[in-house]
Amino acid sequence: MSKIALITGITGQDGSYLSEFLLSKGYEVHGIVRRHSTSCTQRIDHLIDDTSIKDQFFIHYGDLTDSCSLANLVKEIKPYEVYNLAAQSHVGVSFEVPEYTAEATGVSTIKLLEAIRQNKSDCKFYQASTSELFGGIPGTAPQSEKTPFYPKSPYGAAKLYSYWITVNYREAYNMFACNGILFNHESPRRGEEFVTRKITIAVAKIMSGKQEKLSLGNLNAKRDWGFAGDYVEGMWLMLQQDKPDDYVLATNETHTVREFVDAAFEEVGITIEWRGTGVKEKGYDSKTGRLLVDVNPKYFRPAEVELLLGDPAKAERHLDWKRKVGFRELVKMMVKSDMDSLE
Ligand code: NAP
Ligand code: F7E
C-alpha cells in the first residue's frame with residue numbers, strides 16, 4: 001500500500017520540492033491550498049497538470065488558521081505522515097503583521113496537532129522549525145539542538161510556540177512529532193522577497209537592462225545558506241527513524257549578504273567594488289564604475305539576527321543526511337535560472 005502524506009504549505013518553495021521528492025518515493029501526496037483571488041500554484045502546476053500522477057497527487061482547499069478544515073482533511077485523508085510547512089514565513093513582514101503571524105505561524109500548529117491527535121494519532125508529524133529560534137545570544141555559534149533559543153522577531157517568537165507544542169505533544173501523547181530546525185535554504189523557487197532571490201533576480205534584470213540597481217538593507221547579516229532540495233530529504237528522513245526527535249539541518253558555513261551579492265555578480269563577470277560604510281555603503285562595477293548596489297534603510301528590521309551558522313552533526317550522524325549543494329553552486333544555480341527566465 002502506498003504511503004499517504006499531507007503537506008501544508010504545498011504551494012511554497014519547500015512544499016514543491018517535498019512533493020516531488022515524496023512522489024518519487026511512491027507516496028500519495030495531498031496538499032492544502034488556501035483560496036486566493038488569483039492563482040498561487042505556480043510552483044506545483046507541473047504536478048497538478050501531470051496526468052500520469054492524477055491518482056497520486058491531490059490538492060484540497062483549507063487554511064491553517066481554520067481548525068474545521070484541518071480536522072476534516074485529516075479525517076478524510078487519514079495521512080501516514082503530515083508535514084507542516086505552512087506559515088507566514090517572512091521575518092521582516094512579521095513585524096508588519098505580528099498578530100496574524102502569531103496566528104498562522106504559531107497557534108495554527110496546535111490546531112493541526114489536535115486534528116491529528118483526535119483523528120489519526122498514529123500519524124507522524126514534521127514541524128518546520130527554524131534557525132530564527134536562535135539569534136539573540138552573542139557567542140553562541142555554531143548553533144545546534146542544544147543552543148538556547150532567543151527569537152528576535154514576531155516570526156521567531158511564533159515559531160518558538162510551534163517548536164515547544166510539537167515537543168509537548170510528543171511527550172504528553174506519545175505522538176511521533178519531530179522538529180526540523182532548518183537554517184536558511186534557497187533555490188530558484190525561493191520567494192522573490194527573500195534576500196537571495198531578490199539579489200539573483202536583480203542581477204538578471206540589471207544584465208538585461210530591466211533594472212538599474214539593487215537596494216538592500218543589512219549587508220553585514222550572516223546566514224548559513226543551503227539548497228532547499230537537500231533539506232526536504234532531511235525532513236523525510238526525520239520521519240523514517242525509530243524514534244521522534246529534533247534535528248538541525250545546515251551547511252556549517254556562513255556568509256554575509258554582501259558576500260552573496262559579490263558571488264551573484266561574479267556569475268555574470270562583474271566584480272563589485274564596495275565603497276563607504278553603513279547606509280552610505282555602495283557597490284560599483286569595478287571595471288565601469290557604474291553604481292549597482294546601495295543601502296536603503298527601509299529594508300532594516302526593528303531587530304536583527306546578525307549571525308547564523310548551524311551545526312548539523314546530529315543529523316549527519318543519526319539520519320546520514322548531508323547537504324550536497326555548496327554555497328557557490330547554489331548562487332550559480334539561482335543566477336542561471338533567473339537569467340534563463342528573462343531570455
Ligand atoms: P514559503 O515559500 O513562504 O511557503 C509558505 C507556504 O505556507 C505557502 O504555501 C503558503 O501558501 C502557505 N501558507 C501561509 N499561510 C497559510 C495559511 N494561513 N493557510 C494555509 N497555508 C498557508 O516558505 P518556505 O520557504 O517553503 O518554508 C516552508 C516552511 O519552513 C515555513 O514554515 C517556513 O517558516 C519554514 N522555514 C523556512 C526556511 C527557509 O529558509 N526556507 C528555514 C526554516 C524554516 P500561499 O502560497 O497561499 O501563500
Ligand atoms: O533575510 C538581510 C535580512 O529575508 C536574510 C525565512 O525563510 O530564513 C528566512 O528568514 C538576511 C536578513 O531571510 C535585505 O535583514 C538585507 O538578515 O532572506 P531573508 P531570513 O530573515 O533569514 C529563516 C531561517 C526562516 O525561517 C524564514 O522563514 O538578509 N537583508 N537586505 C535583507 N532581507 C530581505 N528580505 N530583503 C532585503 O532587501
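This is a predicted model: local features need pLDDT of at least 70, side-chain atom pairs count only at pLDDT 80 or more; totals for chains, interfaces and linings use all residues.
**Entry 1**

I began with the residues around ligand 1 and found 25 of them. The nearest are T11, H36, S89, Y155 and K159.

Next I asked which secondary-structure elements supply at least two residues of the shell around ligand 1. They are helix α1 (13-24), strand β5 (124-130) and helix α6 (154-173). Among the contributors, β5 gives the largest share, with 3 residues.

On the backbone side, a polar atom of G12 lies 3.0 Å from an oxygen atom of the ligand. A backbone N or O atom of H185 is 2.9 Å from an oxygen atom of ligand 1. On the side-chain side, R190 places an N or O atom 3.2 Å from a nitrogen atom of ligand 1. I then checked how much of the ligand is covered: taken alone it exposes 900 Å², and the protein buries 91% of that area.

**Entry 1. Surroundings of ligand 2**

I repeated the search for ligand 2 and counted 23 surrounding residues. S89, T130, Y155, R301 and E304 are the closest. I noted that S89 and Y155 are also listed among the nearest residues of ligand 1. By class, the shell of ligand 2 holds 9 nonpolar, 7 polar and 7 charged residues.

Which side chains and backbone atoms did I find facing oxygen atoms of ligand 2? The side chain of R190 has an N or O atom 2.9 Å from an oxygen atom of this ligand. A polar backbone atom of V195 is 2.8 Å from an oxygen atom of ligand 2. An N or O atom in the side chain of R301 is 2.6 Å from an oxygen atom of ligand 2. I recorded that ligand 2 has 700 Å² of accessible area on its own and that the protein covers 95% of it.

**Entry 2. Helices α5 and α6**

I turned to helix α6, already noted for its part in the shell of ligand 1. Helix α5 (residues 98-119) packs against α6 with the axes 8 Å apart and an angle of about 15°. Angles under 35 degrees count as roughly parallel, and α5 and α6 are therefore roughly parallel to each other. The crossing of α5 past α6 is right-handed.

**Entry 3. Helices α7 and α11**

I examined helix α7 (residues 195-207) with helix α11 (residues 327-342) and found that their axes come within 8 Å. The two axes cross at roughly 45°. The relation of α7 to α11 is therefore oblique. I logged this crossing as right-handed.

**Entry 4. Backbone features in loops**

Where does the cis peptide bond to P142 lie? I located P142 in the loop between β5 and α6. The bond runs from A141 to P142, and its omega is near 0°.

I also searched for residues other than glycine with a positive phi. K78 has a phi of about 50° and sits in the loop between α3 (67-77) and β4 (81-84). D320 has a phi of about 60°, and I placed D320 in the loop between α10 (313-318) and α11.

Conventions: Residues are numbered from 1 along each chain as its sequence is written. Chains are lettered from A and ligands numbered from 1 in the order in which they are written. Side-chain values use heavy atoms; hydrogens and water are left out. A residue is near a molecule or strand if one of its heavy atoms lies within 4 Å of it. A polar contact is a pair of N or O atoms within 3.5 Å; within protein, one must be able to donate a hydrogen and the other to accept it, and residues adjacent in sequence count only if both atoms are side-chain atoms. Accessible areas come from the Shrake-Rupley method with a 1.4 Å probe; for residues, only the protein chains shown count as cover. Helices (H or I, at least four residues) and strands (E, at least two) are DSSP runs, numbered from the N terminus. Axes are lines fitted to C-alpha atoms, for helices over the stretch in contact, and angles run from 0 to 180 degrees between N-to-C directions. Angles under 35 degrees count as roughly parallel, over 145 as roughly antiparallel, 65 to 115 as roughly perpendicular and the rest as oblique. A crossing is left-handed if the near helix is turned anticlockwise from the far one by less than a right angle, and right-handed if clockwise. Ala, Val, Leu, Ile, Met, Phe, Trp, Tyr, Cys and Pro count as nonpolar, Asp, Glu, Lys and Arg as charged, and the others, Gly among them, as polar.
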